[in-house]
Structures are given as C-alpha cells and as structure tokens.
Amino acid sequence: MNAPVRMAGVGIVRGPGGRPGEPGGHASRLAATLATLTRTGPPIRLAHPIEEVAVLAVHEALSRSGIPMPYQSDDLGVVLGVEEGIDGIKARYYQGVLAEGPLGASPLTFPLTTPNTIAARISVLFGLRGETLTVGGGNVAGAQALGLAVRALRDGYSALTLAGGVTCVEQEFLEAASLVGRSESGQPGGGACLFLLGLQGSASPAGGDRLLGYGEGFGPSDVQDAIRACLEDAGVPARAVGAVRTAAVCDWRSVVQAVRGAGIGVDIARSPSSGLCSASFPLAVAEAAGQPASGTRVPVLVVGSDCLAGAAAAVVQGGQ
Amino acid sequence: MAVPEGVVVTGLGILSPLNPEGDRERFWTSLCAGEAAVGEVRSFDASGYPYRVAAEVPRDRLRRSGSQDAPALRMAEAAFDRALEHAGIAPGTGNPRRAGIVVGTVMGGTIAGERYLRGECAGEGEAAGALENYPLRAIAAGLARKTGFAGPVLTVSTACASGTDAIGIASRRIASGKADLLVAGGVDAVCEFSFSGFSALKVMTADKVRPFSRNRTGLALGEGAAFLVLEREGSARRRGAVMLGRIAGYASRCDAVHLTAPHREGRGLAAAAAAALCDGRCRPEEIDYVSAHGTGTLYNDWMETKAIKAALGSHARRVAVSSVKGAVGHPFGAAGAIEAVVCLLAIRDGLVPPTVHLEEPDPECDLDFVPNRARPMAVRSALSLSAGFGGQNAALLIRWAES
C-alpha cells in the first residue's frame, strides 16, 4: 500500500467542440478569467476551444484550492494528457500547406500543432514553472498523466502538481477513428478535467477526496493487470470496492471480464464523459469522487483502456 | 528527493543521419571526426521553400524493413533493437510486466497523417493503415507489442525536450522499484509538416548549422532515434552486464513566458540544470562536460550560455560544452536521447565531440564550446540539456559507473 494522494481541487469543463471562431459556450467566463490572469500584461486571445476548456479547468482547480493566480513559482507544474485534441489543428494547418504551398504554412498556427502547447499555455497564463509534462496515450492519456503526478508526489519530486486531461474531439477525428474501427466514435465535444494533487498529510491545501491507488497494464491482459496493480497500490482488497465506473474503453467486454475476474461483483457504470478520450479518465475519477456509492464513501474503481496505449485503473474515495 | 545512484545504462542504440545503418561506433567516430550530415532535403519535394537543407536518414534504408508511412517507427525499431542487443537482453526474458518503454516524440506518425490528408491512400484499407501509424502513441505501442513488454508503455511529448524527459521519467520509475527494465529514448522523422512550420517561423538555415557562432544562420531539421536500456545497478551486476553510466539526476522546469521563445535569461533551463545537479547530489565543479541543446538560433545560443553560467557559476568557464546539432541537425523528440548517448560515449572513451562549424565565436557565447575538433579528456560527470517550444526545459545528469 502506498500513500494516498489528496485531490485538493478539481476543475471540470465540458463544452462543445468546435473550430476557432465558433462559440465555445464559455465566452463570458473565459473573458473574466483571462482578464484576471492578464491584468498586468497584454490581453490574451486563445486560438482554439481546447485551450479554452483547459484554461477554465485550471482556473477552477486552482481557485477551489485557494492557490493565488498567477502563481509565478517553480514548485507547481502541470502533467497533462493530450492526444486527439490537437488533431483538428494539425489537419487544418497541413491543409493550408497543401492548398498554398509554403505560403499556406501559418506561423501562428504551427506552434499549436505540438502536443505540449496546451500545457505551455497553462504554464504561461498561470505562472506555473515547475515540472511540466505532456503525455499522449489516447483514451488513457489523462490517466497516465494522473499516474505520473501520483508517482512524482510519492517519490518526493514535487509537493503539488496539477494533473489531468484535455480534449477537443472534432468531426474529422471521429470519421478517421471509425475508419480504423476504434471505439472513440461518438459526438464531437470538448472537455477538460484537472486536479490539484498533493500528498495526504502534507502541507497541501485542504480537500477531502483521495486517490488511493493507480495502476497500468499493456498487452493481452492489460485491463486485468491495471486493476490488479491499482488495487495493490491502493492496498484495497477487491471485496472493498464499492462501485466501478468506466471511462473511455477499447473493449467493454474485456473490462467487464477483468472486473469480474478480479473478484469485484458490484455494478459497473459507464461514465457519461467516455466520449471525451484523453479527458475521459480524469472526468470519470471526478465523477467517482463526487458520487458516493450506496450513500457511503466507499472506494470506487475507475477503469479506462485504449486500443493502442493499454489500460489504466485508479481507486478513488470521496471526502467525508 | 534524489534518484538513487542505482539506475544504470546497460545498452544503447542509435540511428541518425551519421549512421543510417544503426552502427553506434560509426556514429561516434563520424561525430568526433567533425562530420556533418546536413544536406539537401530528399524525403519530400522542398523546392518551393526558401530553405532546402536537413539532416536525413536515407528513406531507402528504412523501406527495406517497413512501410513508407512509418519512417519514425522504423527508425525507433532499429535503435530499440540495437539497444536491447547491446544490453544482452533477449526478447522474452524477465517478467514482461516489470519491463516497459518510454518514448519521447513530437511528430509521432505525422508522416502517415500527411499521406492521408494528401489523399494518397488508395481505398479505405490503405487509409486505415495510414491512420494506424498516425497517433503519437503508435510508436511506443508498436515497440511494446513487438517485444511483449507489458509494464509501463508511455509516450512523452514535451517538444524538443521529449527524449530527455522520457529518459528522466524512466529512470525515476526504475529507481522507485516500479519497474525492473525500461527502454527509454526518443524518435522523430523529418516531414514536410514540421519543415513548413519552421520555414514559416524563419528559424532555419539555408546551408550549415553553426551553434554559438557569430555567423549563425539558424537550425536544420534532423531525424533519428536513440534508446537507452535502464535497470537497477544490482540487476545489472547480477547478470554481468557492462554498465555504461548512471542516470544520476533529472529535472524538468518550465519558462512560463512564451509559447515558442525561450526565457531570455535562460531561467527555466538554469533551474532544470540546477535541480538535476541537486537531484544527483552533484556539485557544479564535478561536471566535466555539458552536452548543450545548441540549436544554432540566436535566442537559444544566448539563453543557453546564460543558463549554463547560472547553473554552474564560476565553473561554467572551465567546463567543456558542445552541441552536436551542426552534425546531426535538430531531431526534435530524438534530440535529448541522442545527446544522452553522446554523454555516455564521452564518458566511455574520454573524448568530447566538437561543436562543428564554429569558426567565428559569438562574443555573447563566451564559454569553451570545443570548436571543430574533438577533445580527449576524462569525463566522469556530464550534464545533458534540452529546451523546447512551450518553455520546456529538461536536464539529465549522467555519471560514470564502475562495472
């Protein structure tokens, strides 16, 4: 059993997907947030809805944790799961090159095609100078980000970390995903979920929800391995799991089999956010922490999987 | 908290424009001889661009073993296989759940995406094949499937610091006992997508890359892959493996000032370097060699010089610093991993590779940049620095290990 990690604050933003210039549904909130963050500098205009949901989620997580903004210190960084969320930006950038040759290459859009741009935008706006990482793991990108953050905290490399996932699922991505028979197919949409994480009992800001354990797996028994590793990490026996919630998964049946095979007999609920790929796992974690099973705060197992990147599982317990 | 001294490198594999066949000794000999592989772009038609040079691995060497959609995966496979072979690890040995892969990449399978968007895929089957190779995570997944590794399989994308971060993350995972064997490194391939972007940003050279030089003209894209086999020292000793060095410290820091430009004073890079030294309980004066990010752009060269001075203090003027990007270009996600290999080989052979094309030093870059000729010298501790878009900075402390 390893030390539980406190989820001191969470920021959740769900919104329509969309392209630059299309209303993201958060206009007034976003304007107020940006005005607060840039009151001493030049105004900032975000270029894509994925940046909008990320910035709003970070603002919410830090606000709930009582962290001053902008923070301007290197003891707080961000670990972010990002993958399909920038595919639309990349496609439109390259279509410009195809249409007009070198003149169609936009120097403004090109920097947004690198996966770490969202983390960079967050770091610049919020003054987060600590360890900053971006991981690409498809459906489990947000899970892997949480896993990296949990390990960095437990191993003493950071005292506080923002971690989670962000996405903007566009129509073109869904079409391409369906072409290769992936399970991501759903509705276009955007979303972000980030947690401010700190070690239980450390000087981290107060908050009752806890991430008790995390595990990953890869290969033919990826989900089984992730669940086993996660329960072991949390020190929670299978019989103590009070509920199971799935994020985006590659193969629903293998998840059900793995859960039952682990000796967990409780109901398995699908997260309503499972279409939000990279953000789906953190969103499912937030849902699990916020919705007590059977009226009591019992450990909830969250499971996600990706057809390429393997599986991830976490055990979460909501605050008393 | 420090990475314990116990994380060692027991194998390395590298494929670059200097050694397209993947022969690491050829890479090292060519690099130390001052050879440069930057030349006319051949992997796509660059005739419409104002800049037309890059450092490439001839594609015909890669097609022999795979599809044209996935040169990055083919390069990664070549370097990965050689790293395992060098470490003396046969596929299928050990507990697969305790073995894994951490890959740093920026572009991933973008070349497959280009082909899809160009409408070059004949039919849905071919389009599906291209899209299978496209995702960032496809490379790590492909390597893991091939080897049967079932432990951590991670893809890190932190711009030009990706390879360094991948190795750093893997070394922590080994140190904490969460894995027994990790193969970590980076890969990226030259493609029109990235070439057009850097062309639009006007940061590329039209001829040579001249890091730290007054007559610098910018960077050249490069490509390649490099992987290190990491394990705990005890495990390496038990199986009689040769230890090539230790990953003794690692840190990542963000500038938090701009999406593309670095902090002018090198604040983030200095902080990462200082934190990596602290992580490895290493004093600045113990550093013999710094493998610089050294892209050959004005802002990078100036800020990096300042960062090294800030991190090493007065010792900065005594330490040997060199950049290999004049020789191999800038291979993005592979850069940090290639430079980690350079540090390990410098430690092994007591030889520091040169900064090529450094005829006219920039007065603002007033450190010992080992101009044009390799230098024989004992290297027991080396610092490998990486910086990238988004203010990403990472540093690895690599130290000698007694086998």
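In chain B, residues 24 or more positions apart account for 79% of the contacts with a separation of 6 or more. Keep that figure in mind as you look around. The model is predicted.

Start with chain B as a whole. It has 13 helices and 15 strands. Its radius of gyration is 19 Å, close to the 22 Å that the globule rule gives for 403 residues, so chain B is as compact as a globular protein of that length. Along the principal axes, its C-alpha atoms fill a box of roughly 65 × 55 × 40 Å. Of the 403 residues in chain B, 67% are buried.

Now turn to charge. Side chains of opposite charge can pair when their charged atoms come close. How many salt bridges does a search of the whole structure find? Over all chains, the search finds 42.

Take one pair in chain B. The side chains of B:Arg216 and B:Asp301 meet in a salt bridge, with 2.8 Å from N to O. This pair links distant parts of the chain, as its two residues lie 85 residues apart. B:Arg216 sits in the loop between α8 (192–200) and β7 (221–222) of chain B. B:Asp301 belongs to helix α11, residues 298–312 of that chain. Are these two residues buried or exposed? Both B:Arg216 and B:Asp301 are buried.

A second pair is B:Glu286 with B:Arg399. Their closest N and O atoms are 2.7 Å apart, in a salt bridge. Again the pair links distant parts of the chain, here 113 residues apart. B:Glu286 lies in the loop between α10 (267–279) and β10 (289–291) of chain B. B:Arg399 is in strand β15, residues 392–399 of chain B. Is B:Arg399 buried or exposed? B:Arg399 counts as buried because its relative accessibility is 12%, and the cut-off for buried is under 20%. B:Glu286 has a relative accessible area of 24%, so it is partly exposed.

B:Arg375 is partly exposed, with a relative accessible area of 28%. B:Asp368 is partly exposed as well, at 24%.

Salt bridges can also form a network. In chain B, one network links B:Glu114, B:Arg115, B:Arg118, B:Glu120 and B:Glu126. Find these residues in the structure and trace the links.

Next comes the meeting of the two chains. Here 60 residues of chain A are in contact with 67 residues of chain B. Together the chains bury about 5400 Å² between them. Carbon and sulfur atoms carry 60% of that area. Which residues of chain A lose the most area to chain B? They are A:Tyr94, A:Tyr157 and A:Phe218, and together they make up 14% of what that side buries.

The rule finds seven salt bridges between chain A and chain B. One of them joins the side chains of A:Asp225 and B:Arg97, at 2.8 Å from N to O. Between the two chains, 22 residue pairs are in polar contact, with both residues at pLDDT 80 or more.

Which elements of chain A give two or more residues to the side that touches chain B? Among them are the helices α3 (87–100), α4 (117–126), α5 (141–154), α6 (171–179) and α7 (222–234). The strands β3 (132–135) and β6 (209–217) are on the list as well. The largest share, eight residues, comes from α3(A). By type, the residues on this side of chain A divide into 26 nonpolar, 18 polar and 16 charged.

Finish with the backbone. In chain A, the peptide bond from A:Met69 to A:Pro70 is cis, with omega near -10°. A:Pro70 is found in the loop between α2 (49–65) and β2 (76–81) of chain A. A:Gln72 has its place in the loop between α2 and β2 of chain A. A:Gln72 has a positive phi of about 55°, although it is not a glycine. At 40% relative accessibility, A:Gln72 counts as partly exposed.

Phi of B:Arg281 is near 50°, a positive value in a residue other than glycine. B:Arg281 lies in the loop between α10 and β10 of chain B. Is B:Arg281 buried or exposed? B:Arg281 is exposed, because its relative accessible area is 67% and the cut-off for exposed is over 50%.

Notes
Residues numbered from 1 in each chain as written. Chains lettered and ligands numbered in written order. Predicted model: local features only at pLDDT ≥ 70, side-chain atom pairs only at ≥ 80, totals over all residues. Heavy atoms only, no water. Contact = heavy atoms within 4.5 Å. Buried area = accessible area lost by both parts, 1.4 Å probe. Salt bridge = Lys/Arg side-chain N within 4 Å of Asp/Glu carboxyl O. Polar contact = N/O pair within 3.5 Å; in protein donor to acceptor, adjacent residues only side chain to side chain. Helix = DSSP H or I, 4+ residues; strand = E, 2+ residues; numbered from the N terminus. Nonpolar A, V, L, I, M, F, W, Y, C, P; charged D, E, K, R; others polar. Rg over C-alpha atoms; globule rule 2.2 N^0.38 Å. Buried < 20%, exposed > 50% of the residue type's maximum accessible area, 1.4 Å probe, protein only.
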